[in-house]
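Welcome! Have a look at the model below, and then let us walk through some of its features together.

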Amino acid sequence: EAAGAAVALSVTYPFSFFYGAVYTEGLFLLCATAAVYYFRRRRWAWAAVAGLVAGLARPNGCLLSVPLGLMALDAWRRDGYRWQTLAVALPTAACAGVGMLAFTVWLHAQTGEWFLWMKAHGAWGRQFSGIHVLAQQRWRELQSLGLYGYSVVNAIEILNMAATFLAIGVSWPLGRRFGWAWSAFLLVTVLPPLFMGGFLSMGRVTSTLFPMFIYLGWRLRGTALQQVLLAGFGLQVALAVMHFTWRQVY
């Protein structure tokens, strides 16, 4: 029942329409899920392939190596600290990072620029700023526009903001219930883009956080689950219509 609810929550998530757009979300979700699935079952070759493709699909896919590395340490502990386990598990976990490096090398061969994908984020206005700077900027806007005016002008950002807080808020109970590697996956996926670009595109970023849907599928039941599914699907339809008619849903 919880598994079915997790799948339903993932496909009715408001920003899940990006799975069907010309973005890497669908491919990355498939590869990240597969990498964790095979890693937990110690099918190392398949886990390595899935992690490699995840790192190739999107540069920040390399961060998948962090939760997989924590899972490698957990497998090492469960096996009585046998070094043979660690010798296989850690290189497997590193394959997501290898995928990112392979993509970086390919871009360098084409353009002569190292880490060009990182520099390209500047075109979207992404630059490092502390969380306090982000909070101060939003507080000034709220004071200037008022609550209603802010919600009208920044409606999409409010949805991105809600997605961010949901992912961060779920990370603690998720870790306690399913393991801290799952929490690490949420945090390493959400925090870097949050510090580099505020709430820009955070709904799209969080749409691939399958551990969040697993936890919510386990927690929500009955009427509460139905209401969340209906609300999420309604928002998804509205956002999809906006996106595919060239409105900026970022």
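In helix H5 (residues 83–93), the buried residues are Thr85, Leu86, Ala89, Thr92 and Ala93. Here, buried means under 20% relative accessible area, exposed means over 50%, and partly exposed lies in between, using a 1.4 Å probe and protein chains only. Helices are DSSP runs of H or I with at least four residues, numbered from the N terminus.

On the face turned away from the buried side of H5 you will find the exposed residues Trp83, Gln84 and Ala87. The cover over the buried residues of H5 includes helix H2 (25–40), helix H3 (44–57), helix H4 (65–78) and helix H6 (95–111).

## About the model

This is a predicted model, in which local features need pLDDT of at least 70 and side-chain atom pairs count only at pLDDT 80 or more, while totals for chains, interfaces and linings use all residues. Residues are numbered from 1 along each chain as its sequence is written, and side-chain values use heavy atoms, with hydrogens and water left out.

## Where two helices cross

How do the axes of helix H8 (residues 131–153) and H9 cross? They come within 10 Å and cross at roughly 105°, which makes H8 roughly perpendicular to H9 (angles of 65 to 115 degrees count as such). The axes are lines fitted to C-alpha atoms over the stretch in contact, with angles from 0 to 180 degrees between N-to-C directions.

From H8, Arg138, Tyr150, Ser151, Val152 and Val153 meet Ala155, Glu157, Ile158 and Met161 of H9. Contact means heavy atoms within 4.5 Å.

## A hidden threonine

Helix H9 (residues 155–178) also holds threonine 164. Is this residue buried or exposed? Threonine 164 is buried, because its relative accessibility is 0%. Leaving aside residues up to four places away in sequence, threonine 164 touches Val190, Leu194, Phe199 and Met202.

The structure holds 0 disulfides, a disulfide being a pair of cysteine sulfur atoms within 2.5 Å. For cysteine 31, the closest cysteine sulfur is that of cysteine 95, 12 Å away and therefore too far for a bond. Cysteine 62 is in no disulfide either, with the nearest cysteine sulfur, in cysteine 95, 13 Å away.

Conventions
Angles under 35 degrees count as roughly parallel, over 145 as roughly antiparallel, 65 to 115 as roughly perpendicular and the rest as oblique.
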